Amino acid sequence: MKKIDILNFITNHRKLPNDIKTIAELRSHLNVNSANEPTFNQLMTELQQLRVIRELEKEGQKAYQVVAR
């Protein structure tokens with residue numbers, strides 16, 4: 001699992017540049033389980049700190065949108 005995998009799933013600059021994905025959609029797509037949960041959380045935190053993604057709320061769930069690439 002890499003940061004670029006997360007970014008590519010959240011958005012496609014040509015088709016959906018401002019798409020928002022819930023945390024459940026991200027975990028499902030990236031097959032996040034208890035073994036790689038810490039890595040996933042670390043990558044998400046790094047992307048937020050670098051201001052590449054921002055946290056939002058979508059349908060009552062935590063969601064993310066790519067702000068800069």
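Which residue in S3 is the bridge partner of Glu-55? The bridge partner of Glu-55 is Tyr-64, and the views below place this pair in its surroundings.

The model is predicted, so that local features need pLDDT of at least 70 and side-chain atom pairs count only at pLDDT 80 or more, while totals for chains, interfaces and linings use all residues. Residues are numbered from 1 along each chain as its sequence is written, and side-chain values use heavy atoms, with hydrogens and water left out.

View 1. Strands (E, at least two residues) and helices (H or I, at least four residues) are DSSP runs numbered from the N terminus, and two strands pair if DSSP finds at least two bridges between them. Strand S3 (residues 61–66) pairs with S2 in the antiparallel sense over 6 bridges.

**View 2. The buried side of H1.** Ile-6, Leu-7 and Ile-10 are buried in H1; buried means under 20% relative accessible area, exposed over 50%, and partly exposed in between (1.4 Å probe, protein chains only). These residues lie on the same side of H1, because they cover an arc of only 95 degrees around the axis, the arc being that of the directions from the helix axis to the C-beta atoms. The buried residues of H1 pack against S1, H2, H3, S2 and S3. Asp-5, also in helix H1, is partly exposed, with a relative accessible area of 33%.

**View 3. The largest nonpolar core.** A nonpolar core is a set of buried Ala, Val, Leu, Ile, Met, Phe, Trp, Tyr and Cys residues joined through side-chain atoms within 4.5 Å. The largest one has 15 residues, of which Ile-6, Ile-10, Leu-26, Phe-40, Met-44, Ile-53 and Tyr-64 touch the most other members. H1, helix H2 (23–29), H3 and S3 each give two or more residues to this core, and H3 supplies the largest share, 4 residues. Beyond its neighbours within four places in sequence, Ile-10 is in contact with residues including Leu-26, Ile-53 and Tyr-64; contact means heavy atoms within 4.5 Å.

**View 4. Salt bridges.** A salt bridge is a side-chain nitrogen of Lys or Arg within 4 Å of a carboxyl oxygen of Asp or Glu, and the count comes to 3. Glu-46 and Lys-3 meet through their side chains in one of them (2.8 Å, N to O). Because Glu-46 lies in helix H3 and Lys-3 in helix H1, this pair ties together parts that are 43 residues apart in sequence. The side chains of Lys-21 and Asp-19 form another salt bridge (3.1 Å, N to O), and both residues are buried.
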